[in-house]
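Hi everyone, thanks for making time today. Let me put the model up, and we can walk through a couple of its sheets together.

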Amino acid sequence: MAEQVDVVVIGLGVGGEETAGRLAEAGLNVVGLDPRLVGGECPYWGCIPSKMMIRAANLIAETRRVDGMAGTATVQPDWAPVAKRIREEATDSWNDQVAVDRLVKKGVTFLRERGTITGPRTVQAGDREFEASRGIVIATGTVPVVPPIDGLAGTPYWTNHEAIEADTLPASIVVLGGGAIGLELTQVFARFGVDVTLVEGAGQVLSMEEPESGQLAREALERDGVTFHTGVHAKQVSHRGGTFTITLDDGETVTGEKLLVATGRRVDVAALGLDQVGIDPGVRRIEVDEHVRAADGVWALGDVTGVGNFTHNAMYQANVAVFDILGSEGAPEASYHAMPRVTFTDPEIGAVGMTEKQAREAGLDVKIGSAQIPVSSRGWIHKAGNEGFIKLVVDNERGVLVGATSAGPTGGEVLGALAVAVHAAVPVYSLQQMIYAYPTFHRAIGDALKQL
Ligand SMILES: Cc1cc2nc3c(=O)[nH]c(=O)nc-3n(C[C@H](O)[C@H](O)[C@H](O)COP(=O)(O)OP(=O)(O)OC[C@H]3O[C@@H](n4cnc5c(N)ncnc54)[C@H](O)[C@@H]3O)c2cc1C
């Protein structure tokens with residue numbers, strides 16, 4: 001006999017945990033399911049530990065910048081404190097008891113089980129079945145894409161999990177994939193003295209962003225000693241005597257003690273029982289409407305919706321789902337036109353909304369304004385490590401920003417102002433009349449606006 005509940009949340013990563021907790025606090029009878037750690041990818045193998053690694057790597061780089069600006073300094077990189085901090089402060093050695101207790105305290109019934117949809121409102125979890133009167137929330141995230149490269153399967157390659165869990169670093173590593181995750185980890189390893197080779201199939205890294213962003217990231221990582229192979233694919237992998245050898249489709253070979261596969265993420269819903277609620281189990285992402293509804297009595301949120309693989313998106317959609325499930329007055333509707341994202345390399349590359357290419361493909365009358373950080377007052381003062389730029393993408397007809405990139409020493413923070421402008425469609429004229437504090441990095445936004 002199915003047990004009667006209000007809501008079953010399948011997957012308790014950032015999005016599912018937030019949704020389950022808030023619904024339970026609102027008085028609903030909620031079951032939350034996850035066979036792995038409550039909190040999901042972000043706190044244990046994603047955002048938080050990777051940003052701790054980046055913080056450490058950036059300290060090394062900043063110390064090296066002392067020379068010629070503030071005296072002399074030498075730094076002897078040591079991975080041990082980074083590995084220790086990840087274990088002690090970020091992941092609690094990959095133990096989620098604190099998160100489980102927090103969830104249970106809110107009133108959620110937690111089961112460390114995989115959920116399978118067995119009917120329009122029923123979910124199987126181990127040997128128990130639940131009937132959810134209000135519905136089912138799918139928040140099952142993504143898993144790493146492992147490309148079908150000849151010889152790769154069966155080798156001890158790394159994904160982000162092994163990279164984050166590393167307690168010592170190899171002498172050399174090959175990284176497949178020049179997206180945000182690949183670039184961030186590449187720069188960390190390089191700054192800790194690892195010999196890194198990065199292979200990217202597209203013609204440039206960060207290929208989803210502005211071409212200037214990919215160029216900037218590549219130049220920065222080359223200064224850190226990284227070797228790039230772009231516009232080529234790995235064709236064959238072998239692992240012998242503790243060394244990976246990767247043959248590229250241009251005939252070259254690259255070698256490394258380790259191999260990190262960072263070629264993207266994919267949803268893993270084939271066994272979820274989506275056909276029971278009228279969704280094709282072979283989907284590449286679960287499509288949702290503005291209330292993040294995927295089907296009658298089914299909500300989906302987070303990475304599984306394919307809208308943007310970001311913790312802030314999972315939290316945003318969780319909020320939309322909670323209001324909708326509770327049937328609250330004035331429930332917010334999801335809109336993704338101002339999706340912010342930051343690649344936490346040094347320099348940081350923040351972006352919001354459309355790239356220039358996307359805006360042109362959308363048929364907009366596009367105008368571009370840009371400014372270079374090194375020649376801005378603050379960039380010039382900053383000197384070492386001042387690379388970056390501001391790029392504004394304007395819909396000339398409406399007179400508003402539809403996208404922007406902010407790259408530089410604090411590119412992700414400067415992005416905040418641009419995200420407000422895109423989100424609220426602040427008229428360009430109004431942005432041009434604003435006073436930008438002197439000499440801040442964000443004052444370069446004013447310089448870029450002058451070009452318009
Ligand atoms: C290295 C790295 C760095 C990142 N850095 C950032 C960053 O700086 N900023 C940022 O915004 N984002 C970052 N991300 C992305 C961020 O981690 C994800 O966007 C976020 O975790 C998505 O949350 P989610 O709730 O959709 O899914 P997840 O966190 O992936 O959680 C999904 C959960 O569902 C569970 N699950 C799957 N199938 C089932 C099932 N059938 N039954 C029950 N449970 C199931 C899984 O076990 C998992 O715990 C990073 C990711 C990585 C890998």
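Which strands, in what order, make up the open sheet of four strands? The order is β10-β9-β8-β14, with parallel pairing; strands here are DSSP runs of E of at least two residues, helices are runs of H or I of at least four, both numbered from the N terminus, and two strands pair if DSSP finds at least two bridges between them. At the edges sit β10 (227-230) and β14 (258-261), each pairing on one side only. On average, neighbouring strands in this sheet are turned by 15° against each other, direction ignored.

A quick word on the model: it is predicted, so local features need pLDDT of at least 70 and side-chain atom pairs count only at pLDDT 80 or more, while totals for chains, interfaces and linings use all residues. Residues are numbered from 1 along each chain as its sequence is written, and side-chain values use heavy atoms, leaving out hydrogens and water.

Back to the sheet: β8 (residues 172-176) and β9 (residues 195-200) pair in the parallel sense over five bridges.

Q236, for example, has T247 in β12 as its bridge partner.

Note on methods: Axes fitted to C-alpha atoms, helices over the stretch in contact; angles between N-to-C directions.
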